[in-house]
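Hi,

Here is the structure for your files. My notes follow below it.

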Amino acid sequence: MHIDRERLEQSIEDLGRIGATAKGGLTRVALTDEDKRGRDWLVARMKDAGLRVSVDQMGNIFGERPGEPGLPPVMMGSHADSVPTGGKYDGQLGVLCGLEVIRTLNDARTRTRHPLTLAIFTNEEGARFQPAMIASGVMAGKIALEDAYNARDRDGIRLVDELERIGYLGGEPCIPRPLRAYLELHIEQGPFLEEEGLSIGVVEGIVAIAWSRLTIHGVQDHAGPTPMRIRHDALVAAADVVGRVRGIARELGGDVVTTVGNLTVQPNIPNAIPGRVQLSIDMRDPKDATLDRARVLLDRAVREVSRREGVTYELEHYWRVPYTPFDREVVGTIERAAKATGAGYRRMLSGAGHDAQYMAAIGPTGMVFVPSHDGRSHCEEEFTPMDDIVHGANTLLGAALELAGRA
Ligand code: HGY
Ligand code: MN
Ligand code: MN
């Protein structure tokens, strides 16, 4: 049994048009009108495939295909929101490959012992509302529903109000569900599979992730008459911190990665000394102990820089996900399914976070990776060749069938 390449390719193009950018990328940020249109399109396709659709308190969407009563489902999922000027493969590929698995089983009139569920998680990217993976985090009991509801975007709009506005504030409780297994197909978002000429990544785990928010308070003043000797410039301090964050990765070496991706300056005009700067710090490593050391170095850097510039600050370490190993049985099943496709594959770790990281706290979890061209992602250049996508989707089909069992 194989998936239908043309049908899957058509779905990628069709969904990719909702929020498409002029350069072939995607801007479909969580809980915007584009996200609503994407959700509505996916719900319609789920219903076309005969799935029973439900929505939970965090706007997570579930499409259920029945199996034997009382058996927990094999869930296949990912996300449909993107980063601004992102790509049309990150997240949506996992949802569409899961849908294609179900469509293929429908064509073959194949029933499974365990039910199958297709899941779409809200705000996986954490681009608009922080942190990332917020909705699978609530489901796994790692993030309080009220905290998620009160998360605010840059305009101060609350997540829960946006869920209501787009019509996806569901009634189903967002709590752990019995699972036979959770499977997520996703693009690698790194260079290794393509460098090695491989089509499939059998993911053994996801790195630990730590997000912090630094707010620096300097003294806002006139850029002209204020002598240098009496300045307390929040942006000069922030610039030093950005360099020190890069220095942490250099000092620790190994696989640690550190990024300042977001920085806001106030009042952000040419002729005023910045009085307030806020910046994000994203640090990751496969070892939690290394991430702990990175955090100590970050605290020290911010303290030293602030003392030198004579500014004050708040440094909030507000999100942390530990290194997450995947279930050995599920990883083995995925490896067998990859092998059966005849395509090249390897075991590997994920440097990106995924809803699977939280789903691993609920049930046996594994991921299937497909290559990213030039390793690029979270950009309009994001691309994965269809041949690799087909191998990945057939791997997902094989693993789901083995875990769910044929009726
Ligand atoms: O941040 C991540 O790794 C994911 O793209 N949300
Ligand atoms: Mn993703
Ligand atoms: Mn992403």
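Cys174 is buried, because its relative accessible area is 4% and the cut-off for buried is under 20%. Cys97 is buried too, with a relative accessible area of 0%. Keep in mind that this is a predicted model.

Disulfides: the count is zero. A disulfide needs two cysteine sulfur atoms within 2.5 Å. For Cys97, the closest cysteine sulfur is that of Cys379, 19 Å away, so the two are too far apart for a bond.

Next, the metal site. Which residues hold the manganese ion (ligand 2) as protein donors? They are His79 (NE2), Asp90 (OD) and His186 (NE2), at 2.1 to 2.2 Å from the ion. Along the chain, the donors of this ion are spaced as H-x10-D-x95-H. Asp90 sits in the loop between strand E3 (74-79) and helix H3 (92-107). His186 belongs to strand E5 (residues 181-187). The pair is 96 residues apart and links distant parts of the chain. Both Asp90 and His186 are buried.

Last, helix packing. The axes of H3 and helix H12 (residues 386-404) come within 9 Å and cross at roughly 60°. That angle makes H3 oblique to H12. The crossing is right-handed. Cys97 turns up again here: on the H3 side, the contact residues are Leu93, Cys97, Gly98, Val101, Thr104 and Leu105. They meet Ile389, Ala393, Leu396, Leu397, Ala400 and Leu401 in H12.

Best wishes

Conventions: Residues are numbered from 1 along each chain as its sequence is written. Chains are lettered from A and ligands numbered from 1 in the order in which they are written. This is a predicted model: local features need pLDDT of at least 70, side-chain atom pairs count only at pLDDT 80 or more; totals for chains, interfaces and linings use all residues. Side-chain values use heavy atoms; hydrogens and water are left out. Buried means under 20% relative accessible area, exposed over 50%, partly exposed in between (1.4 Å probe, protein chains only). Donors are N, O and S atoms within 2.8 Å of the metal (3.2 Å for Na, K and Ca); water is not among the atoms, so sites may look incomplete. Helices (H or I, at least four residues) and strands (E, at least two) are DSSP runs, numbered from the N terminus. Axes are lines fitted to C-alpha atoms, for helices over the stretch in contact, and angles run from 0 to 180 degrees between N-to-C directions. Angles under 35 degrees count as roughly parallel, over 145 as roughly antiparallel, 65 to 115 as roughly perpendicular and the rest as oblique. A crossing is left-handed if the near helix is turned anticlockwise from the far one by less than a right angle, and right-handed if clockwise. Contact means heavy atoms within 4.5 Å.
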